[in-house]
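Reader: I have a model open on my screen and would like to learn how to read its features. Could you walk me through a few?

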Amino acid sequence: MTRRLGLGTVIILFLLAVSACTPAAGESVLTPGSPQPSPSVSPVPTGTPALSPSRALTVTLSPTASPTALPTATASPTVLPTTTPTLRPTATPGPTETATMPPPTVEPSATPTPGPAPDGSARSARVPILMYHYISDPPAGANAVRRDLSVSPALFESHLRYLRDHGYHVITLDDLLRFLTSGQPLPERPVILTFDDGYLDNYINAFPLLKRYSMVGHFFLITDFVDAGQADYMTWPQIEEMSAAGQRFGSHSRNHPDLRGQSVDYLVWQALGGLEDIQKHLGYHPRWIAYPSGSYDKRTIQVFKSANYWGGLTTVQGATHTGDGIFELSRVRVRGSYSIDDLARLLALDW
Ligand SMILES: [Zn+2]
């Protein structure tokens with residue numbers, strides 16, 4: 001009796017063992033010649049295509065709630081690529097690295113704090129966001145574009161003096177966001193100063209003047225150019241010094257591409273790459289993207305929202321902002337040819 005029961009037990013155990021080794025319905029069997037699955041891709045039932053990173057992101061990035069909803073903390077982890085995370089090399093990656101597009105990573109400490117919670121009220125504000133580029137005299141022989149983008153230090157100072165003497169108050173983009181989302185009051189005649197591209201003359205010429213007038217500017221960095229130590233661009237130590245003195249920094253993308261019509265993967269690389277680089281050097285999560293050359297589309301906005309940016313700045317001309325347009329903020333371009341009277345006229349425009 002005992003012997004027969006023991007044999008039955010052995011048979012049952014054998015059957016269980018065979019069952020455990022037999023692929024369940026839907027599982028695939030790897031043969032020696034089969035390609036090995038990526039270690040980062042979890043098994044999926046047969047018939048359901050494995051989600052590529054871009055498909056997963058597309059799902060994640062489907063439109064969320066109301067247009068005024070700010071990025072939620074839960075959106076951040078899902079935007080991370082599912083490929084094996086790698087730390088960006090500490091060596092300076094040059095612009096030529098862009099072809100390889102290594103997956104960006106965000107350190108665990110990057111868990112973002114949610115932005116100001118919208119209270120549901122529709123608000124608008126007329127706040128000119130001045131857009132500067134070079135703050136220097138254009139070099140001899142400069143072409144029309146360069147001259148147009150260059151405001152001399154003397155003219156720039158006259159702008160700051162005009163703002164101070166005519167009751168303007170320089171505020172931050174965060175201040176504007178807090179007004180649009182929760183009604184936190186703005187001062188009289190608010191104005192915002194922005195500087196695109198992160199040129200070296202911003203540190204040499206604009207920074208001392210901003211300090212002298214106790215004003216804060218937002219500087220938008222092309223982070224790969226800074227990493228590569230490109231001439232004409234600010235260095236990280238200079239940027240860190242400005243940040244410690246209260247100046248603000250945002251992303252102008254990694255390498256200034258056209259952000260229209262790009263894949264989600266590419267946009268994630270641009271959004272998180274710039275973000276983590278600034279965070280690594282300045283210790284905070286940059287919240288604002290100035291779209292390079294003002295180029296963006298709906299997908300650009302979705303990706304930067306999911307990466308927990310709070311808003312985006314365009315090159316569309318205008319000064320009125322609404323709570324549902326925080327990722328399409330208009331600006332006022334300041335040209336090298338503008339006199340103080342031109343600036344005064346633009347600041348007073350109701351547009
Ligand atoms: Zn630019």
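Author: Let us start with H256, which lies in the loop between strand 6 and helix 10. Helices (H or I, at least four residues) and strands (E, at least two) are DSSP runs, numbered from the N terminus. This is a predicted model: local features need pLDDT of at least 70, side-chain atom pairs count only at pLDDT 80 or more, and totals for chains, interfaces and linings use all residues. Residue numbers start from 1 along each chain as its sequence is written.

Reader: What is the phi of H256?

Author: Most residues other than glycine have a negative phi. H256 is not a glycine, yet its phi is positive, near 65°. S293 also has a positive phi, of about 55°, without being a glycine; S293 sits in the loop between strand 7 and helix 11 (298-306). Just after helix 6, G183 takes a positive phi of about 80°.

Reader: Why does H256 count as partly exposed?

Author: The rule is a count: a residue is buried if 20 or more other C-beta atoms (placed from the backbone) lie within 10 Å of its own, exposed if 12 or fewer, and partly exposed in between. H256 counts as partly exposed because it has 17 C-beta neighbours inside 10 Å. S293 is partly exposed because its count is 15. G283, in the loop between helix 10 (264-282) and strand 7, counts as exposed because it has 11.

Reader: How many residues of helix 6 are buried?

Author: An α-helix has 3.6 residues a turn, so residues three or four places apart point the same way. In helix 6 (residues 173-182), seven of the ten residues are buried, among them L173, L176 and L180. The buried residues pack against several strands, including strand 4 (190-197) and strand 8 (311-317).

Reader: Which way do the residues of strand 6 point?

Author: In a regular strand the side chains alternate between the two faces of the sheet. In strand 6 (residues 248-251), R248 and G250 point one way, F249 and S251 the other, and all are buried.

Reader: Which strand pairs with strand 6, and over how many bridges?

Author: Two strands pair if DSSP finds at least two bridges between them. Strand 5 pairs with strand 6 in the parallel sense over four bridges, and H218 has R248 as its bridge partner. Strand 10 (residues 329-333) is joined to strand 2 (residues 129-132) by two bridges, also parallel, with M131 partnered by R333. Strand 8 and strand 10 pair in the parallel sense over two bridges, where L313 has L329 as its partner.

Methods
Contact = placed C-beta atoms within 7 Å.
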